[in-house]
Amino acid sequence: HEIGPIDVTAMAQACRNSGGKVIVQVEKVVQGGTLDPKLVAIPGIYVDAVVIGSAEDNMQCLGTPYDGSLTGEYRIPMDAIPAIPLDAKKIIARRAAMELPQDAIVNLGTGAPEKIANVAAEEGISDKMTLTVEAGSIAGVPMGGTQFGASANAMAIIPHNVQFDFYQGGGLDVAFLGLAETAPNGDLNVSKFGTRLAGAGGFIDITQNAKKVVYCGTFTAKGLKTECRDGALVITQEGAKKKFVQQVEHITFSGKYAVEVGQPVLYITERAVFELRPDGVTLIEIAPGIDLQTQVLDQMEPEYVEGWYSATDFVPANDDPVVKTFVEAFNAKYGIDPELYASAYYGTVKALAAAIEIAGSTDHEAVNDALTQIKDLPAPTGTMTYGAHGNMIHSLVITQIHDLKPSVVSTVSMDPN
């Protein structure tokens, strides 16, 4: 009735042979010789004492009763697995799920990565790859929270150490693990924080041998609160602790070594995605609604971002006349510089106003037709043109960070086709 054999046999052997005492807690005692010998994980010759506990003392997982789908006794329909709410970790998991190759063998770690299994189940793609957990399950839907380590509908459940033999041999196509603290060179720390030694666990074994590693976690910690509104991410309360630091306290993963061996590495957060390149961690994506300056750069340690290049939709420090006029008007009215969200809304309204002027009316179909005629419309988020695929395309600005502020290096026009 356990989620797997884990390492109980090896632990009992080591304790017994080192002069210790092996005490086993069980739910009930049965007549000797009546158990299937192939199911016996700890032979009686290893045991010094048996403690009989109540059902409450013998939960399958912490605080959770027995679930036969986690032991292979029966299978459950995929739609019986409840959907998880849309929060920062689910946003991370949904973006991370885009890195799941078909037919790949995958490891999921605890924290944000464990929610990738829920996303895969919700999207009906769990059978497109094989998800594994270090505790021993292969395939199925890995569970999260206090049930982490178990998998519903697993294809096989093997011993913990045997699973690691496979991992250490390079069997994983991609591993998704937690992101606690990272440095500009790609180093990662998940094992030591001040006086608290969390330990590396199987982190090193997995990350050093996987063909690709994706680190998943919120951009900041301690108090972060987010919401999703109108298809955009809104930070309602920023986390007090920065995760992107100049130097990690403990190196659990070496970015330098990953670059040397050519291992692909991504860092996925709820608001931005980063890639490890030969010159360090590089910002490659920003979520809709996120402001580059205040919600990304300002939330990293200063030394982390100096000299960075980035492509973005909008920065207030832009000599473009349209941008300058918008920033001055916004600042005069609200007393602050506009961020990306404000500039995007303004650009949308400007495009709509232009379409109404072209249509000569506010008729819905007429305005829609007029939108397709918009070309080279100046806006704070760049020159806007209706694209061939039904999207409003606009130019991007390339920026470089100096003294924690982005300065415009160039503008890149986007092909509307």
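Me: By class, what does the lining of the second largest pocket have?

Reply: The lining of the second largest pocket has 17 nonpolar, 9 polar and 3 charged residues. Here Ala, Val, Leu, Ile, Met, Phe, Trp, Tyr, Cys and Pro count as nonpolar, Asp, Glu, Lys and Arg as charged, and the others, Gly among them, as polar. The model is a predicted one, in which local features need pLDDT of at least 70 and side-chain atom pairs pLDDT 80 or more, while totals for chains, interfaces and linings use all residues. Residues are numbered from 1 along each chain as its sequence is written, and side-chain values use heavy atoms, with hydrogens and water left out.

Me: How much space lies in the second largest pocket?

Reply: The second largest pocket holds about 640 Å³ of space. A pocket is an open set of points on a 1 Å grid over the protein atoms alone where a 1.4 Å probe fits, with protein on both sides within 12 Å along at least five of seven lines; lining residues have an atom within 4 Å of a point. The volume is the space filled by probe spheres set on the points, which are joined across faces, edges and corners.

Me: Which residues are the closest to its centre?

Reply: Pro288, Asp313, Leu340, Ala344 and His394 are the closest to the centre, out of 29 lining residues. Two or more lining residues come from each of strand E21 (280-286), strand E22 (309-312), helix H10 (340-359) and strand E24 (392-394). H10 provides the largest share, 7 residues. Helices (H or I, at least four residues) and strands (E, at least two) are DSSP runs, numbered from the N terminus.

Me: And the largest pocket: how much space lies there?

Reply: The largest pocket has about 2000 Å³ of space. It is lined by 40 residues, and His1, Glu2, Gln25, Val26 and Leu39 are the closest to its centre. By class, that lining has 23 nonpolar, 12 polar and 5 charged residues.

Me: Which element gives the most to that lining?

Reply: Strand E1 gives the most, with 4 residues. Helix H1 (8-17) and E1 (23-26) each supply at least two residues of the lining.

Me: Back to H10. At what angle do H10 and H11 pack?

Reply: H10 and helix H11 (residues 364-371) pack at about 110°, and their axes are 8 Å apart. H10 is therefore roughly perpendicular to H11, a term for angles of 65 to 115 degrees, where under 35 is roughly parallel, over 145 roughly antiparallel and the rest oblique. The axes are lines fitted to C-alpha atoms, for helices over the stretch in contact, and angles run from 0 to 180 degrees between N-to-C directions.

Me: Which residues of H10 and H11 meet?

Reply: From H10, Ala351, Leu352, Ala355, Ile356, Ile358 and Ala359 meet Ala366, Val367, Ala370 and Leu371 of H11. Contact means heavy atoms within 4.5 Å. By class, this contact has 10 nonpolar, no polar and no charged residues.

Me: A change of topic: is Asn153 buried or exposed?

Reply: Asn153 is buried, at a relative accessible area of 5%. Buried means under 20% relative accessible area, exposed over 50%, and partly exposed in between (1.4 Å probe, protein chains only). Asn153 sits in the loop between strand E7 (151-152) and strand E8 (156-157). Setting aside neighbours within four places in sequence, Asn153 is in contact with Ser69, Tyr74, Arg75, Ile76, Met78, Ala139 and Gly140.

Me: Where does Gly170 lie?

Reply: Gly170 lies in the loop between helix H4 (160-168) and strand E9 (174-178). Gly170 is partly exposed, with a relative accessible area of 21%. Its contacts, leaving aside neighbours within four places in sequence, are with Asn209 and Lys211. The C-alpha atoms of Gly170 and Asn209 are separated by 4.9 Å, although the two are 39 residues apart along the chain.

Me: What is Asp48 in contact with, leaving aside its neighbours within four places in sequence?

Reply: Asp48 is in contact with Arg16, Gly20, Lys21 and Val22, once neighbours within four places in sequence are left aside. Asp48 is found in the loop between E1 and strand E2 (49-52) and is partly exposed at 33% relative accessibility.

Me: Which residues does Val50 touch, not counting those up to four places away in sequence?

Reply: With residues up to four places away in sequence not counted, Val50, in strand E2, touches Val24 and Val26.

Me: Finally, how many helices and strands are there in the protein chain?

Reply: The protein chain has 11 helices and 26 strands. Its C-alpha trace spans about 90 × 50 × 35 Å along its principal axes, and 41% of its 417 residues count as buried.
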